[in-house]
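Colleague: Could you open the model, please, and take me through a few of its residues?

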Amino acid sequence: MYIFKNALISIWRNKGRNILIGVIILVITIASTVSLSILNASNKLISSYEEKNEIIGSITMNRESLMQNFDPNDREQGKENLKEQFSNIEEITVDNIKNYADSNYVKSYYYIESLGLNSSNIEKATSESINDRKGPMMENQESQAAFTLTGYSSIESMKEFIEGSYKITEGEISTDFTSNNCIINKELATLNDLSVGDKIVLVNPNNTLLTYEFTITGIFEDNSDVNAPSMDMFSNSVNNIITNTTALEKIYNDDTTLRNQITPTFILKNKAAISKFEKELQDKGLSEYLTLTTNLNQVESSIESISNVKTFAITFLVITLIIGSIVLFVINMINIRERKYEIGVLRTIGMKKSLVATKFVIELLIVSLASLILGTISGSLISVPTANKLLENEINSSKQNIDEINKNFGGNMMDKPDIPKDFNIEDNNFKKGTIQKIDKINAVVDIKVILELLIIGIVLTLISSLAAVITIQRFSPLTILKERG
Amino acid sequence: MDILKLENVGYRYKDANLNDYVLSDINYSFSLGKCYAIKGKSGSGKSTLLSLISGLERPSKGKIYYNNKDLGKIDLDKFRNTNIGIIFQSFNLLPHLNAIENIILSMDISGIKVKNKKEYAIKLLKDVGLTKDHGERRILRLSGGEQQRVAIARSLSYNPDIIIADEPTGNLDEETENEIIEIFKDLAHNQNKCVIIVTHSNNVAHKVDVVLELEKENKSIKKSKRI
């Protein structure tokens, strides 16, 4: 106890020296607080982002693999080979999807099916058949079909509604995923004078005797291509009739010669699961001409700016700590040399070396603690604007990059249909199923940061105290006092 | 009663030649209730002998016994903060503390149980002729004589058997020197302490009970006066 009391007296009566040490620790603490809080916020944002923006995988054509057998010296034969390979690719069935989804790497899954059908009581919206869902396997879809019947396996699979490109204007989407319910485009409804509760009859284009009655539960508006330059008078989804996969499969089971286009989507557990799931798909017999495609690049590019800030924070922290430790060590070394006389007196009157060292360490700890508290408060106050300023620079740089890419393509690439249209740097709210850029860090000094600071403070104090401990161990009290004499 | 016994004590510096001793074969016993002066020319080993007795150094050969206990086998830090009080020519007080705080710190280090340490420190200061006001002053605001009295009070704070003083009056005028010597004599004769003073001063030597001469040539000790 007396050691503590004397340490306090010593600090108070040697203010100049201790203020100097305190200011150095204060600067180190502020810099460390800012770095740690940015690091903490970055980590939280990245993990929260990765949680909200799931890794989504779908099975697509492996064009690279297909082109391997294309002989550029014999183009005609090459085309024939490609056609043959293409026709030999086995179509993915619902059973395949269920088998693939039965995996430790898959969190959930859904799928969309589509069939080309005609109708006996409604007209299609244009003279030409427009099928808006042209996936990689759509080329052979029945050309004579007027409508596309799209079946969703779950609410989760209805991405267009989740993202807002389709919006119900009348009625609702039925939660009954087994009955013959459907929702239709507003334009189609207007053209055919249809409303909620009306029934439409769909007809198998191969066999007009096979007819199916669907009840309209809702009417939707398609906003997906409002920005796209188009001369079409109708939206792409005008002849798209939306139902559930159970209803669609009943039609398909009646005539399996109909081309059933299935698009599976697998929600993977994490990034690491991608390669493992890919391997598992191959083991389960996925054709070599099909491959797993994910949104990993989109997810990673969206966190690029925050990752840059994180790297900067780590580098800044390491440099601060190294320089801070060296400066503190040197100052303490000088400080101890100045206080050799005090060490000599204390040792002469019988204070043990360990207690003398403890007294010096306690003095430094008290000064460090006071500086840590002040530094943490100041650091937390300036960490938010500093972090946001850093990120602002990153975002501006990212914007410039996008502009450059757009120029390279000779237009605004962001309007291309395969680029997310909801790229909005002013809005940092995450929307389910969409990829968004991060534009703001709310740097926080939480218990984790305080604990890290405390550890840093103790380590710094111990490092700089080493000077005192080594000196005390080395010096003989008599030598010190003789030198003074 | 013998409190301190030197038996064939010799000392040489660590970097000195094997037979190059500063002190050699010192034999002597110090008793309680007496005031000793150790005299000798510069380089005769007076201060070295003092540092050996006070446990600041260990002898290169021979043994020193305190109360029949070999100093080589006891905790010297404990010995210094309990059994022996050391007073230096340059006082060796802590300048950032006041006189009372210097004395209390010494009591704290020794672990002595005193009900009111501040009151006891003031009493000790009064015993050596200082007031409470002196005690509350920073060390550097006291005169040399006052500082030496504080050093004596500090050395008495844990009531040791032996008081060792290295040139305690070297920085003081004659009048103050006489006052300090009287304090030491009082400690020996009235408080039954063993007081050992290293000095060049003949004035001091005349006033103590026993004078020991350290001879530079044969590095031994010789008793020159005894009352």
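Modeller: Let me begin with E84(A), which counts as partly exposed because its relative accessibility is 49% (buried is under 20% relative accessible area, exposed over 50%, partly exposed in between, with a 1.4 Å probe and protein chains only). The model is predicted, so local features need pLDDT of at least 70 and side-chain atom pairs pLDDT 80 or more, while totals for chains, interfaces and linings use all residues. Residues are numbered from 1 along each chain as its sequence is written, chains are lettered from A and ligands numbered from 1 in written order, and side-chain values use heavy atoms, without hydrogens or water.

Colleague: OK, and which helix is E84(A) in?

Modeller: E84(A) belongs to helix 4 of chain A, which covers residues 75–88 (a DSSP run of H or I, at least four residues, numbered from the N terminus).

Colleague: Switching to chain B, is F79(B) buried or exposed?

Modeller: F79(B) is buried, since its relative accessible area comes to 1%, and its place in the chain is helix 2 of chain B, residues 76–82.

Colleague: What does F79(B) touch?

Modeller: Leaving out residues up to four places away in sequence, F79(B) touches I53(B), S54(B), G55(B), Y66(B), L71(B), I74(B) and I84(B) (heavy atoms within 4.5 Å).

Colleague: How far apart are F79(B) and Y66(B)?

Modeller: They are separated by 13 residues in sequence, and their C-alpha atoms lie 9.1 Å apart in space.

Colleague: Back to chain A, where does L369(A) sit?

Modeller: L369(A) is part of helix 13 of chain A, and at 45% relative accessibility L369(A) counts as partly exposed.

Note on methods:
Helices (H or I, at least four residues) and strands (E, at least two) are DSSP runs, numbered from the N terminus.
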